[in-house]
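Hi everyone, thanks for coming. I'd like to walk you through one structure today, so let's get it up on the screen.

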Amino acid sequence: MSAKRHLTRGLRFRLTAGYALLFALLLVGTAALFRERLAYTLNSEAHDLLEQEWVAMKGYLHIEKVPKHGHIPPGCVGDWCAIWEYDKVDPDEDFAVERLRRVYLLTDVKGAVMEVSTIYQSIGIEQPKEIEAAIKSGQPVWKRRLSPHGIPYLIRAGVVFDEKHHSPFYVAVGRPMDEGEKILKRYTWMYVALIPLSLLCGCLLGWFLTGRGLMPVMQVAQAAQRITGSNLSLRIPTRGAGDELDYLILTFNRMIERLESSFQQIRQFSTDVSHELRTPITAIRGQLEVALFTAKTVDQYRDATLNSLQDIERLSQIVRALLLLSQAESGQLALQKTRLDLAAVVRDIVDQFQIPAEGARVELSADLPPECAAEVDRVQIERMLSNLLSNALKFTPAGGRVHVALHSLPESIAIEVEDTGCGISEEHIPHIFERFYRVPAQETCANPEPGLGLGLSFVAWIAKAHCGTIGVHSAPGKGTRFTVTLPAAAAEPAPVEPVPAGAASGAARGMNEL
Ligand code: ADP
């Protein structure tokens, strides 16, 4: 990814861009709204002022008939005279009337101009038709006009009557709007200049703040990059802020911890597997070499071949067991659960083991309820019981006892396999469910036949796969008791599946069936 692309796709850039966009929208929106309000206020202020001027004008302007005799005052056109009555000595009144007459028009009902100011003339006098219509409606008329110099004027026109209130006249007064327009323009330009400036400042601040906020993330990423398969012991230090990022670091560290333990297990497993496979392979090689270089008779060849075959059988046993275990642990070995009578299954397995027990001169007994409904995978449960029973027989010297019990409780079912064998010392108990773990021979009373050390791993998996647990109690020299707890089957009226006698096919074939 190029540096530019990296920059524009980065979280920092996107956060800043988003923030800047929002900021810009807010700025423009606020400015537009504010301008609108300002324009409205200026406009209504101008209207109010003009309305006041209109009222004042009505107070000063009197329209009378031209006197029939004597002196005709100025401001008389046709039959009518417009007379401005005010205190000419008072400078304030004088000024007010002067101002009123700056933008001012007076016409008769036909639109004939009686008085008009120069400014009004320059912005244009209304057509007689327009005047007639305005007088007819009697309503105030508001309009805007533009002078030839480009100055906007607000005009307020309406009807006034003569002294006797007989004849209507059209009067218009106006005031320039350029001050308001100027304020509005100044304000607009100020904002036009300020928006990009504030936006720039906002972007810089956003860039700085997001950079600061994301810095710990970069530190975490750098620390994470240093962690590889060979140094999984590294941890990312938390910052002690107790925030979301610390939580992320903690979660990340826990994940690394789990990965480390899985890596450790895999490493241990590969070591164990190579070790386990090397022993029979070395033996086979030795026997074949002996046969090749030293055997002379057919019997010697036969012995070597037989021994090699036994070792090959052990090899394939290990491979089979490993395959099954890895299938189980990777979830490929799906359980085929059915509702069945677990007591019958256990009884059958115990029966199968009676002959090997007699051979080992161990008393094998069982205490089982007449029936116990359970929802289990029969094949796996048989495997589990076979493993536990074969271990019990293997590690119980002649004259000892092995007892199997099944307890059906409301919430669970407990299967116990107890022996009076040599037991397991405390330090080994936490490890016996690990793959390839075997208690060293000198510490056990085990017969010479070595196990694979995989049976209990599989038993533990079967219990777990049935949402159950496995526990062990052992006293060295006194015996061992394995307890498997399975969840009780949900109450169901249907009859449990009968287990045909001898269904536990070949369960007692050999030791530690996998
Ligand atoms: P193995 O094939 O060696 O029996 P397991 O996984 O079944 O492998 O058992 C692991 C180890 O646990 C055995 O090697 C043995 O030392 C010990 N163990 C298992 N069951 C018993 C028992 N009933 N009494 C004493 N030791 C036992």
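**A walk through the model**

Let's start with Q52, which is exposed, with a relative accessible area of 53%. By exposed I mean over 50% relative accessible area; buried is under 20%, and partly exposed is in between, using a 1.4 Å probe and protein chains only.

Before I go on, a word on what you're looking at: this is a predicted model, where local features need pLDDT of at least 70, side-chain atom pairs count only at pLDDT 80 or more, and totals for chains, interfaces and linings use all residues. Residues are numbered from 1 along each chain as its sequence is written, and side-chain values use heavy atoms, with hydrogens and water left out.

Back to Q52: you'll find it in helix α2, residues 11–60. Helices and strands here are DSSP runs numbered from the N terminus, helices being H or I with at least four residues and strands E with at least two. From Q52 to P410 is 358 residues in sequence and 96 Å in space, C-alpha to C-alpha.

Now the sheet. In what order do the five strands of the open sheet come? Reading across, they go β5-β4-β8-β7-β6, with antiparallel pairing. Two strands count as paired if DSSP finds at least two bridges between them. At the edges stand β5 (113–116) and β6 (141–146); each has a single partner strand, so one side of each has no neighbour in the sheet. From one strand to the next, the twist averages 20°.

Let's go pair by pair. Strand β4, residues 104–107, is joined to β5 by three bridges, and L105 sits opposite V116 in β5.

Then β7 and β8, which are joined by nine bridges and run antiparallel. R156 has V173 in β8 as its bridge partner. This is a hairpin too, with six residues between the strands, and H165 in the turn has a positive phi of about 65°.

Is β7 largely enclosed or left open? Nine of its 10 residues are buried, so β7 is largely enclosed by the rest of the structure.

Last stop: helix α5, residues 128–137, lies across β4, β6, β7 (152–161) and β8 (168–176), and runs at about 105° to β8. For that angle, axes are lines fitted to C-alpha atoms, for helices over the stretch in contact, and angles run from 0 to 180 degrees between N-to-C directions; contact means heavy atoms within 4.5 Å.
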